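Subject: Handover of a structure, with findings

Dear colleague,

Please find below the structure that I am handing over to you. A written account of the findings follows it.

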Amino acid sequence: MQITPSVDALYHSFRIPIAPGLFLDRFVYSFIIFGKNITLIDTGVAGCERQIFDTIQAHGRDPSEIALIILTHAHPDHIGAAMTIQKNTGCIIAAHRSEKPWIEDVELQNRERPVPGFSTLVSGPVRVDRELSDGDIIVLDERTDLTIQVLHTPGHSPGSVSLFMPGEGLLFSGDVIPVPGDLPVYDDALTSATSILKIRKHDGIRVLLSAWDEPRANEEAYLQIEKGLLYLQHIHDAVRACTDTESADLMDITRKTVEFLGLPPQAVNPLLARTFSANLRISEREKLIE
């Protein structure tokens, strides 16, 4: 999907095994930026390099022109094809320093945050060559003033970053903004809300490019950001409502919260429980944003 003359969005579908013969269908977007060289924002899961390479060739360019991969964070559906692409192109890998341990040691990530089918989703570890910080400016093509501003937007993960292209008005938000009605994933509910507010206050967004939602343009972009913030509060309300003070069983709370939110029963798993535990840690707080 062509977003602007210099940016393509790629839709990658994949499946997560949650029980024998039972799968959770998921998708993720990665993005290709065509400048003097080629930049990728995220890579999808292992195997997505084929779609990325085919798209680049369809533009009359060569995958060997990939000079930089920017990883918005370390989760499998964002780093899965990075090792294969890097081995084929010799490109530089950039990510926030807080994501570096899990990108460079994927087995560490699998132990600390197990995801079903992890080994099928990630081709392997890759070295982070450039550590990103809030406010960094990445020049992609000095001839056309193609630049990216780095926004540190933690919460989904400690080192999650969003990326703003001022010349194009594009905001790549990774997984920072939850999609109403979809499975929420974050490590820190309060920090997530603060990061979404930071994005909402950012001027000049013409197209919001989330990794787990379709592109949203103009007023719809800011509306979707607001919906994400409201959904985050709704989740927090649900967790608080479903927390039995006489029971500290996290999976029981997760099952009740899933039913409260109207999410599918198969969504009850340790990864979602990890998300809800972030709300439990601040359950005494009624509002995420005062």
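Asp145 is exposed, with a relative accessible area of 58% (exposed means over 50% relative accessible area, buried under 20%, and partly exposed in between, with a 1.4 Å probe and protein chains only). The model is a predicted one: local features need pLDDT of at least 70, side-chain atom pairs count only at pLDDT 80 or more, and totals for chains, interfaces and linings use all residues. Residues are numbered from 1 along each chain as its sequence is written, and side-chain values use heavy atoms, with hydrogens and water left out.

Backbone at two aspartates

Asp145 has a positive phi of about 55° although it is not a glycine. Its place is in the loop between β8 (137-141) and β9; helices (H or I, at least four residues) and strands (E, at least two) are DSSP runs, numbered from the N terminus. Asp42, also not a glycine, has a positive phi of about 65°. Asp42 lies in the loop between β4 (38-41) and α1 (49-58), and with a relative accessibility of 2% it counts as buried. For context, most residues other than glycine have a negative phi.

Strand β10 and its neighbours

All five of the five residues of strand β10 (residues 161-165) are buried, so the strand is largely enclosed by the rest of the structure. Val161, Leu163 and Met165 point one way from β10, while Ser162 and Phe164 point the other way. Strand β9 (residues 146-152) pairs with β10 in the antiparallel sense over four bridges, where two strands pair if DSSP finds at least two bridges between them. Within that pairing, Phe164 of β10 is the bridge partner of Gln149. Strand β11 (residues 170-174) also pairs with β10 in the antiparallel sense, over three bridges, and here the bridge partner of Phe164 is Leu171. The hairpin of β10 and β11 has four residues between the strands, and Gly169 takes a positive phi near 70° in it.

Annotated domain

UniProt, in an unreviewed entry, places the feature "domain: Metallo-beta-lactamase" at residues 27-234. UniProt positions are given in the numbering used here, feature names are shortened, and annotations may be inferred rather than shown by experiment. The end C-alpha atoms of residues 27-234 lie 23 Å apart, and the span is 32% helix and 25% strand.

Cysteines

The structure holds zero disulfides, a disulfide being a pair of cysteine sulfur atoms within 2.5 Å. Cys48 is in no disulfide, and the nearest cysteine sulfur, that of Cys91, is 15 Å away. Cys48 is buried at a relative accessible area of 8%, and Cys242 is buried at 10%.

Largest pocket

The largest pocket has a volume of about 410 Å³. Of the 26 residues that line it, the closest to its centre are Ile16, Arg26, Arg113, Val185 and Leu271. A pocket is, on a 1 Å grid over the protein atoms alone, an open set of points where a 1.4 Å probe fits, with protein on both sides within 12 Å along at least five of seven lines; lining residues have an atom within 4 Å of a point. The volume is the space filled by probe spheres set on the points, which are joined across faces, edges and corners. At least two lining residues come from each of β2 (7-19), β3 (22-34), α2 (76-79) and α10 (270-280), and β3 supplies the largest share, four residues.

Kind regards
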